[in-house]
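This briefing covers a two-chain protein model. The sequence and structure come before the notes, which are grouped by topic.

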Amino acid sequence: MTTLTQAPETPAARETPARRRRRVDRLPYLLLLPCLAIIGVLLLWPLGQVVAMSFFRLDNVRQLRGDRDWPWVGLGNYAEILGDPFFRTVLRNTVLFAAANVALTMILGTLVGLLLNRLGKRMATFVASCVMLAWATPALTGTIVWKWLFDDTSGLVTWLFNALPDGLSNALFGRADWTGYGWFNSPLMFFSILTLVVVWHSFPFIAVSVLAGLKSVPSELHEAARVDGAGPWKVFWKITFPLLRPVFGILVVLSTIWDFKVFTQQFVLAGGTQDRPTFMLSIYSYAEAFSPPPKYGLGAAIAVILTLILLVVTGLYVRMVLKQEEDA
Amino acid sequence: MNRWKRLAPVTAVVASAAMVLAGCGGSGDDEAADNSKLTVWMMGEGSEAQTAFLDGVEAEFKKKHPDTDVVVQYIPWLEAPKKFQAALAGGEGPDVTELGNTETQGWAAQEALADVTAKFAAWPEGKDILPDLVRNAQLDGKQYGVPWYAGVRALYYRTDWFAEAGVKPPTNWDELVAAAKAVQAKKPGTYGIALPGNSELPFYSFLWGAGGEIAIQQGDTWKSGYTSPQAQQAVKFWTDLVTVHKVAPPAAAGWNEIDARTQFATGKAAMAFAGSWQAGAIKKDNPEIEKVWGTFPIPGPDGKPAPAFAGGSDVALWQDSKKQDLAWDYLTVLLSKQKDKEFASSLGFFPVYSDLVGGGEYANDKIMAAFATSLQNTRLTPLTPKWVEVSRTKTVTQAMNSSVIKGQKTVEQATADAAAEMESILNAK
């Protein structure tokens, strides 16, 4: 952080000929070039391709190769998707899932961050390492393990529910034998488990980021508030939260982006693209584009819709945060 | 799309430059190199037996083409669609490829496979191949693949548990339910039948057994058969196994054939639907099971074995291959009657030649006999390239059965919804 803030000062502070200063000014851009080139090739170019593809009817692999014409359909792909009642199900799933996951991830992550800040050094290291392990687990492996936990015959969760006293289990759930229970059968259960997996994967990042933010808050402020008789709840909302507002802003935007495009966890838990009632936008796009027969144009259009939704949501949120800062 | 097209040559130049660079370290014989290599894609992981067999095929092929090396690459079944798409988009594919016979029409419609109608007609041995399998590899009357081996599904069962419960292999639907209940009562903690609720092919035997149809073509339009009383009877029977008779668990709504087969292999179910080729995988899970298993054909409602889906593999020539004749020569060696019989028996499949599967060849084999019986009465899924979307992408049949098992829809609702969805896909322009 320090180098960044000092950088612009250095050339101005030194007495240099105008010519040399100009060359120095150009240097940062030259240094950025390789990065821009890589981003351009790996990110902007494919992005442009996807947008372009969404305006054509592409249902043959040979079209991608340039062997066949690309028939222009304009907004036809978009009309087809938006007119399909199934799209409403998918959109509802996506929005509800993302909202629930962002909220839960933020709450859990913040609580763990606050806890880490209060713990002693050794305990904090221990808890942080445990939490980081969840974050470090690759999404694919982590999800496979979760799926095993919910296996209908030999999963740990099935075993735990079987271990409940029969009377209690019957009173609570209306069944005592959980072997063979379809954990993923109803969309609600499926999304609950998916939420568990996704929150488990993403809260450590929030926790660590919040902790980093907390470390920068002078402890005198908290002490002063406590001396004045504020409880933890009040301290958080009156001191911590306003000070960390930019951190929370960025974390919410990042979480929103991640939770809107969850794919790996869903693909693994649902066992592929078969469970259509639980589709969300990203898996919907994948299934339309790549399941035989391929419909690359439709898949691309869904991807563009997902991107637009994300832009709107994050744009609104960023504006809200900025406005609050001005008001404050 | 001119801009994109103009870029195609650029990509080609870059790609060829890369290939030239990569080729620099190679042998360097360019023009003559054309026929020096034949690339063959095979599905699966490539067992030792299969590799040894293909070495034999190559030796035979080399008698005619001594200068051609056959390079065999194995592709896992589930990877195949992605691999095919990439090969087709990039322009670098195999010369000969195996593919599942439910996928041939779809890939033919994607212009991945070469039209071999003329070659097939001029090949004498081809006339003895089972006609259902040959038709399954056609699109718009043209032949795009040649059947290689065939397989049907039947029911595996535990002979020891059946003996304990005092039941015999069932021959009709009522007996099937009775046997499942009897064994489940005798063996607490197991399921009477491992129902693959998320698979379609075993279910079709019940549909066809009841006299139902998947879809029928009337002129230019397809009409789904799911709203017929026969089809509804089949759906009701299939889903009742979970919801009414409780001889399979609710989780079965999400099971595919492998999940269900594993329940049987690990001693958690008394019966399971599986193909003859899966015997090896079941034994791998549980080597002991060989002593206590048997098979019987999937029963129809009335005492006759139900029709079975004619599954298996085709071999096709890749349309982009520049060595069509060479590739066809390889195909005819691979698919010759003698090699076909050799290969099929080593894998637990059946050869595709009618004169090889008839007769009493398999009558005394405790596993294969039931499959040989089922193979006498096979049916196909609708012959249209759009079928793959119904079957694989929208999984219409699987979703219909699952929704009834999960209690989300009644049989009437589920069949009506499935029929409407199927017709909208099959009749789409």
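The domain assignment of chain B gives domain 1 (35-151 + 311-357) and domain 2 (153-306 + 386-426); the bounds come from an automatic or database domain assignment. Between the C-alpha centres of domain 1 of chain B and domain 2 of chain B the separation is 30 Å.

This is a predicted model: local features need pLDDT of at least 70, side-chain atom pairs count only at pLDDT 80 or more, and totals for chains, interfaces and linings use all residues. Residues are numbered from 1 along each chain as its sequence is written, chains are lettered from A and ligands numbered from 1 in the order in which they are written, and side-chain values use heavy atoms, with hydrogens and water left out.

**Interface of chain A and chain B**

- The contact (heavy atoms within 4.5 Å) takes 37 residues from chain A and 36 residues from chain B.
- About 3,000 Å² is buried between chain A and chain B, and carbon and sulfur atoms give 47% of that area. Buried area is the accessible area (1.4 Å probe) that two parts lose on being put together, summed over both.
- A:Arg65, A:Asn185 and A:Gln274 supply 20% of the area that chain A buries against chain B, more than any other three residues.
- The rule finds four salt bridges across the interface of chain A and chain B, a salt bridge being a side-chain nitrogen of Lys or Arg within 4 Å of a carboxyl oxygen of Asp or Glu.
- There are also 16 residue pairs in polar contact across the interface of chain A and chain B, both residues at pLDDT 80 or more. A polar contact is a pair of N or O atoms within 3.5 Å; within protein, one must be able to donate a hydrogen and the other to accept it, and residues adjacent in sequence count only if both atoms are side-chain atoms.
- On the side of chain A that touches chain B, the elements that give two or more residues are helix H3 (18-53), helix H4 (61-65) and helix H16 (281-290) of chain A. Helices (H or I, at least four residues) and strands (E, at least two) are DSSP runs, numbered from the N terminus.
- H16(A) gives the most to that side of chain A, with four residues.
- The residues of the side of chain A that touches chain B divide into 14 nonpolar, 12 polar and 11 charged. Ala, Val, Leu, Ile, Met, Phe, Trp, Tyr, Cys and Pro count as nonpolar, Asp, Glu, Lys and Arg as charged, and the others, Gly among them, as polar.

- A:Arg68 and B:Glu111 meet through their side chains in a salt bridge (2.2 Å, N to O).
- B:Glu111 sits in the loop between helix H4 (104-109) and helix H5 (117-121) of chain B, and has a positive phi of about 60° although it is not a glycine.
- With a relative accessible area of 22%, B:Glu111 is partly exposed. Buried means under 20% relative accessible area, exposed over 50%, and partly exposed in between (1.4 Å probe, protein chains only).
- B:Lys246 is not a glycine either, and has a positive phi of about 50°. B:Lys246 lies in the loop between helix H10 (229-243) and helix H11 (257-265) of chain B, and counts as exposed at 54% relative accessibility.

**Buried sites in chain B**

- B:Asn101, in the loop between strand E3 (96-100) and H4 of chain B, is buried, with a relative accessible area of 4%.
- The C-alpha atoms of B:Asn101 and B:Val315 are 214 residues apart along the chain and separated by 8.8 Å.
- Not counting residues up to four places away in sequence, B:Asn101 touches several residues, among them B:Leu133, B:Asn136, B:Phe309 and B:Asp314.
- Nine of the nine residues of helix H9 (residues 201-209) of chain B are buried, so this helix is largely enclosed by the rest of the structure. The buried residues of H9(B) include B:Phe203, B:Tyr204 and B:Trp208.
- Just after H9(B), B:Gly211 takes a positive phi of about 95°.

**Buried sites in chain A**

- A:Gln266 is in helix H15 (residues 264-269) of chain A and counts as buried at 1% relative accessibility.
- A polar atom of the A:Gln266 side chain lies 2.5 Å from the backbone oxygen of A:Thr278.
- A:Val235, in helix H13 (residues 232-243) of chain A, counts as buried at 7% relative accessibility.
- A:Val235 and A:Ala225 are 10 residues apart in sequence and 6.6 Å apart in space, C-alpha to C-alpha.
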